[in-house]
Amino acid sequence: MSEIETKTEAELAIGDVLTGAESELRAQGCLLFKEVEEDDEEDEEGGPAQDFDEEEYEDAFLAHWEKWELVGPGRYDYWVEVHHDSGEISLYEPLPSVGLANQIDPTDLVGLQEDQSVTLTGSMGGRRAVVTERRLGCIKEVMGQTTYPTSPGEVVIDITIKTEGRDGASITFESCLGHPLRAYRKQVLSNRQQKRRFGRIIYPSSGVFDSLPGSILQAVLYIVGVGVIFKIFLYLLYLM
């Protein structure tokens, strides 16, 4: 089988120290992932899959991402993820006291699917949530070292949920054979949030307004708002 070379895209290297609001965080390890298809052994009718060029198929359809573990005073198992396809950069903060209530096996996420309702336990006990994303990734390469041992070839299941309510939080549960279930609070970071937390931009966010200074962004929003109000005023005059 031909392997696709995957390179890191974050402006990080093993040993780099970040000095933002998150004081003295050091890049300790990096995991390179390739998406795993769950149903690639059967076609849509349930029969054997058709012959295909595996490398061409992977290039066309399978996503890649990288996860960097940052460690510092009181910090470990703290990750920044760069998704090579969506351009999102996300922060994962560990939530050791959060679990799932409605599973037969609390270490197994295989049965959970998108749009499924779940109930949380532990420090968020009783809160309801909905599964917003289900993802399988195979670790293709390990650089540096991580707090919890990992090896190339391990398949990790990520289930991301969104808690109910206006203050709903995104929480990702990670399951890997031979490892305990882990929970993380997930936050997609803008360029400004990266600068505040880490002192610099690790990976340019795909947000439309991220590159604009705050004053310019406020001016743009003000002009847009005034334009909308003016159009409504003209429409009301027309009705009169």
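Arg 197 touches Gly 20, Ala 21, Glu 22, Tyr 78, Leu 91, Glu 93, Gln 187 and Leu 189, leaving aside residues up to four places away in sequence; contact here means heavy atoms within 4.5 Å. This is a predicted model, in which local features need pLDDT of at least 70 and side-chain atom pairs count only at pLDDT 80 or more, while totals for chains, interfaces and linings use all residues. Residues are numbered from 1 along each chain as its sequence is written, and side-chain values use heavy atoms, with hydrogens and water left out.

Let's stay with Arg 197 for a moment. It is found in helix α2 (residues 191-198); helices (H or I, at least four residues) and strands (E, at least two) are DSSP runs, numbered from the N terminus. Is Arg 197 buried or exposed? Arg 197 is buried, with a relative accessible area of 9%, where buried means under 20%, exposed over 50% and partly exposed in between (1.4 Å probe, protein chains only). One of its contacts, Ala 21, is 176 residues away in sequence, yet the two C-alpha atoms are 4.6 Å apart in space.

Next come the strands. Strand β11 (residues 182-188) runs antiparallel to β5 (residues 89-94), and 5 bridges join them; two strands pair if DSSP finds at least two bridges between them. Within this pairing, Tyr 92 has Lys 186 as its bridge partner. Strand β10 (residues 170-176) also pairs with β11 in the antiparallel sense, over 5 bridges, and here Ile 171 stands opposite Arg 185. The hairpin of β10 and β11 has 5 residues between the strands, and Gly 178 takes a positive phi near 90° there.

On to the nonpolar packing. A nonpolar core is a set of buried Ala, Val, Leu, Ile, Met, Phe, Trp, Tyr and Cys residues joined through side-chain atoms within 4.5 Å. The largest one has 18 residues, of which Leu 12, Leu 18, Leu 70, Ile 89, Phe 198 and Ile 202 touch the most other members. Two or more residues each come from β2 (25-35), β3 (64-72), β4 and β5, and β2 gives the largest share, 4 residues. Leu 12 touches Leu 18, Ala 27, Trp 68, Leu 70, Arg 200 and Ile 202, again not counting residues up to four places away in sequence. Apart from this core lies another, of 17 residues, including Leu 100, Leu 112, Ile 159 and Ile 171.

On a 1 Å grid over the protein atoms alone, a cavity is a set of points where a 1.4 Å probe fits but cannot get out, and a pocket is an open set with protein on both sides within 12 Å along at least five of seven lines; lining residues have an atom within 4 Å of a point. Grid points are joined across faces, edges and corners, and a volume is the space filled by probe spheres set on the points.

| Largest pocket | about 260 Å³ | Asp 77, Pro 94, Leu 95, Pro 96, Tyr 148 |

The elements that give two or more residues to the pocket lining are β4 (75-83), β6 (98-100) and β11. For the cavity lining, those elements are β2, β3, β4, β10 and β11.
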